[in-house]
Amino acid sequence: YLSEYPPGCNVDPDIKALIRHYYTQVDIPGKHIEYSKCWAEDGVLIVPSGKAFREIIQVHEGMWNGVPKRVHRPMKIYPFDENANEVTIISIVQYWPDDGSYVKKGMAARAKYQRNAQSGALEMLSLQVWLTSSESRSGC
């Protein structure tokens, strides 16, 4: 999971590492605990329907219902300013549902990060995701 960042923009290396780690966990079935550890205890995931979730593990488990394979490609990441704790992620997501079809959608996300007050580790505070309404489908 290699992403492009604007040249000359200082992005905390811990944010880059967390983004890479997060997308690795989200794309592996059964990595629910590892995925949830990317999040702050009070983290919020806002999905395309507009619903906000704090039950991060349950959301991740549900993402795999009827989808045996999924791949996110975070292509470009834009910080909101120098040394920002908030980024916009432009990506694609591809998945292969149980019916054998293939789906590819454009995706954008707004992510906010914070340092855990006790451990100092970087964690995701919120993630809002938008998907394109158009999709590619084929029986490949």
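Predicted model: local features only at pLDDT ≥ 70, side-chain atom pairs only at ≥ 80, totals over all residues.
How many aromatic pairs does the count come to? The count comes to five.

**Stop 1: aromatic rings**

A pair of aromatic rings is described by the distance of the centres and the angle of the planes. Select Tyr-22 and Tyr-23 and show their side chains. The ring centres of Tyr-22 and Tyr-23 are 5.0 Å apart and the planes stand at 80°, so this pair is edge-to-face; the cut-off for that label is an angle over 60 degrees. Tyr-22 is buried, with a relative accessible area of 6%. Tyr-23 is buried too, with a relative accessible area of 2%.

Ring pairs join Tyr-22, Tyr-23, Tyr-35 and Trp-39 into a cluster.

Now go to Trp-96 and Tyr-102. Trp-96 and Tyr-102 form an aromatic pair with 5.3 Å from centre to centre and 50° between the planes, and this pair is tilted. Is Tyr-102 buried or exposed? At 16% relative accessibility, Tyr-102 counts as buried. Trp-96, at 22%, counts as partly exposed. The two residues get separate labels because buried means under 20% relative accessible area.

**Stop 2: charges over rings**

The charged end of Lys-69 sits over the ring of Trp-96, at 4.6 Å from the ring centre. Then select Arg-70 and Trp-64. Arg-70 lies over the face of Trp-64, with 4.8 Å to the ring centre.

**Stop 3: salt bridges**

Side chains of opposite charge can pair when their charged atoms come close. In this structure there are four salt bridges.

Select Arg-115 and Asp-12. Their side chains meet in a salt bridge, with 3.0 Å from N to O. Arg-115 belongs to strand β5 (residues 102–115) and Asp-12 to the segment before α1 (13–26), so this pair ties together parts that are 103 residues apart in sequence. Asp-12 is partly exposed, with a relative accessible area of 24%.

Which residue does the side chain of Asp-14 meet in a salt bridge? The partner is again Arg-115, at 2.7 Å from N to O. Arg-115 is in strand β5 and Asp-14 in helix α1, so the pair ties together parts that are 101 residues apart in sequence. Asp-14 is partly exposed at 37% relative accessible area, and Arg-115 is partly exposed at 39%. With the three residues on screen, the network can be traced: salt bridges link Asp-12, Asp-14 and Arg-115.

Next, select Lys-31 and Glu-34. The side chains of Lys-31 and Glu-34 also meet in a salt bridge, with 3.8 Å from N to O. Lys-31 counts as partly exposed at 29% relative accessibility. Glu-34 is likewise partly exposed, with a relative accessible area of 31%.

**Stop 4: the largest pocket**

Rolling a probe the size of a water molecule over the atoms shows where empty space is left. The largest pocket has a volume of about 350 Å³. To find its centre, select Met-63, Arg-70, His-72, Val-129 and Leu-131, which are the closest to the centre among the 19 lining residues. What kinds of residue make up the lining of the largest pocket? The lining divides into 16 nonpolar residues, one polar and two charged.

**Stop 5: distances between single residues**

Select Val-26, whose place is in helix α1. Val-26 is buried, with a relative accessible area of 1%. Draw a distance from its C-alpha to that of Ile-89: Val-26 and Ile-89 are 15 Å apart in space and 63 residues apart in sequence.

Finish at Asn-116, in the loop between β5 and β6. Asn-116 is partly exposed, with a relative accessible area of 22%.

Key
Residues numbered from 1 in each chain as written. Heavy atoms only, no water. Helix = DSSP H or I, 4+ residues; strand = E, 2+ residues; numbered from the N terminus. Buried < 20%, exposed > 50% of the residue type's maximum accessible area, 1.4 Å probe, protein only. 1 Å grid on protein atoms, 1.4 Å probe; cavity = no way out; pocket = protein on both sides within 12 Å on 5 of 7 lines; lining within 4 Å. Points joined across faces, edges and corners; volume = space filled by probe spheres on them. Nonpolar A, V, L, I, M, F, W, Y, C, P; charged D, E, K, R; others polar. Phe/Tyr/Trp six-rings, centres within 6.5 Å; stacked < 30°, edge-to-face > 60°. Lys NZ or Arg CZ within 6 Å of the ring centre and 35° of its normal.
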